[in-house]
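The following note comments on a single model and is arranged as numbered points. Please read it beside the coordinates.

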Amino acid sequence: MGFSRYLVVVHLLVATTFSVAYGDPLVPALCIFGDSVVDVGNNNNLGTLIKANFPPYGRDFINHKPTGRFCDGKLATDYTAEYMGFTSYPPAYLSQEASGNNILTGVNFASAASGYYDGTAQLYRAIPLTQQLKYYKDWQSKVVNMVGKAKANTIFSGGVHLLSAGSSDFIQNYYINPILNRAFTPDQFSDILMRSYSTFVQNLYDLGVRKIGVTTLPPTGCLPAAITLFGSGSNLCVARLNQNAISFNNKLNGTSQDLKSKLPGLKLVVFDIYNPLLDLITRPTDNGNVCKTIT
């Protein structure tokens, strides 16, 4: 889907916000929700065509084998786990690795082709965000059974929870789905996604979560799929799609501020990936060798 640039910048932003720690991890757990940008193999176990468990995926990963990551190597969240001091990556919740002590430091619930809008995931037989939340509740129950309620609550409140979603809602659903794009303007569809986002954060908060990071949309009009579908034969970014992403990101920031104001103790960070990525795309020569490694 051309998200590799997206991954690098998310890594840089998250690692900057949550400082590197040596020895014990900086936080007790790292849990991840969202779409293909952060899926580490949950889709391997689903009846969906949206999978990455075959070559050339994974050729630059640790064992040079595909894992289900939509990348040739590590995801941004893998680097983030390393920078936080973890010695392993949060396993895919539907994988065999998500058992025993492996789950105490967090798990990954993300599913490629998922999004804020449940209909997006359902269209591709992926895991909707609402189901990811149900899996998270199951994970919490397992942790409580393993370490007791008091210690478990410390893990939930002290752990970092990352969310990456929204791109699939637009590129893989709204823009190509006449049922949606005839019923709603991009602005109205963004409002629907915001309500889902707000509900998701509120639900996490009610479950004891206090540290959440969410990424903005990238410049979606610059994604290869978007240029191919909507570029009218040009190889340039599609301006109207980028403008829709900017509008969505403004709403994401505003909604996040509202959530922080009404939920005491919530630390909610919005990572702006739009501008850094647009800079990489429009000024590649100013970024040295970085752009050569993230094609």
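1. Pro 56 is placed in the loop between strand 1 and helix 2, where helices (H or I, at least four residues) and strands (E, at least two) are DSSP runs, numbered from the N terminus. The peptide bond that leads from Pro 55 to Pro 56 is cis, its omega being near 5 degrees. Pro 55 belongs to that loop between strand 1 and helix 2 as well. With a relative accessibility of 63%, Pro 55 counts as exposed; the cut-offs are under 20% relative accessible area for buried, over 50% for exposed, and partly exposed in between (1.4 Å probe, protein chains only). Pro 55 and Asp 72 are 17 residues apart along the chain, and 8.7 Å separates their C-alpha atoms.

2. This is a predicted model, in which local features need pLDDT of at least 70 and side-chain atom pairs count only at pLDDT 80 or more, while totals for chains, interfaces and linings use all residues. Residues are numbered from 1 along each chain as its sequence is written, and side-chain values use heavy atoms, with hydrogens and water left out. The mean pLDDT (the predictor's confidence in each residue, from 0 to 100) is 90, and 89% of residues reach 70 or more. Over residues 1-7 pLDDT stays under 50, and the model has 29 contacts there beyond four places in sequence, a contact being heavy atoms within 4.5 Å. Residues 289-295 also stay under 50, with eight such contacts. Where pLDDT is low, predicted coordinates should not be read in detail.

3. The protein has 11 helices and four strands. Of its 295 residues, 51% count as buried. Among contacts with a separation of 6 or more, 71% join residues 24 or more positions apart.

4. Which residues have the most contacts inside the largest nonpolar core? They are Phe 33, Tyr 116, Tyr 136, Trp 139, Leu 163 and Tyr 197, in a core of 51 residues. Such a core is a set of buried Ala, Val, Leu, Ile, Met, Phe, Trp, Tyr and Cys residues joined through side-chain atoms within 4.5 Å. Elements that give two or more residues to this core include strand 1 (30-34), helix 4 (129-147), helix 8 (186-206) and helix 10 (239-262). Helix 8 gives the most, with nine residues. Beyond four places in sequence, Leu 163 touches Phe 33, Gly 34, Tyr 116, Leu 129, Tyr 197, Phe 200, Gly 213, Val 214 and Thr 215. A second, separate core of 12 residues includes Val 27, Met 84, Phe 86 and Phe 271.

5. Phe 248 lies in helix 10 and is buried, at 0% relative accessible area. Its contacts, leaving aside residues up to four places away in sequence, are Tyr 116, Phe 170, Ser 190, Leu 193, Met 194 and Leu 217. Phe 248 and Phe 189 are 59 residues apart in sequence, with 9.3 Å from C-alpha to C-alpha.

6. In helix 5, the buried residues are Ala 152, Ile 155, Phe 156 and Gly 158. They pack against helix 4, strand 2 (160-164) and strand 3. In helix 2 (residues 76-83), Ala 76, Thr 77, Asp 78, Thr 80 and Ala 81 are buried. Gly 85, with a positive phi near 100 degrees, follows helix 2.

7. Two residues other than glycine deserve a check of their backbone angles. Ala 113 has a positive phi near 75 degrees and lies in the loop between helix 2 and helix 3 (118-124); Ala 113 is buried, with a relative accessible area of 1%. Arg 125 has a positive phi near 60 degrees and lies in the loop between helix 3 and helix 4; Arg 125 is exposed, at 63%.

8. The second largest cavity has a volume of about 30 Å³. On a 1 Å grid over the protein atoms alone, a cavity is a set of points where a 1.4 Å probe fits but cannot get out, and a pocket is an open set with protein on both sides within 12 Å along at least five of seven lines; lining residues have an atom within 4 Å of a point. Grid points are joined across faces, edges and corners, and a volume is the space filled by probe spheres set on the points. Residues lining this second largest cavity include Leu 30, Phe 86, Tyr 89 and Asn 102.
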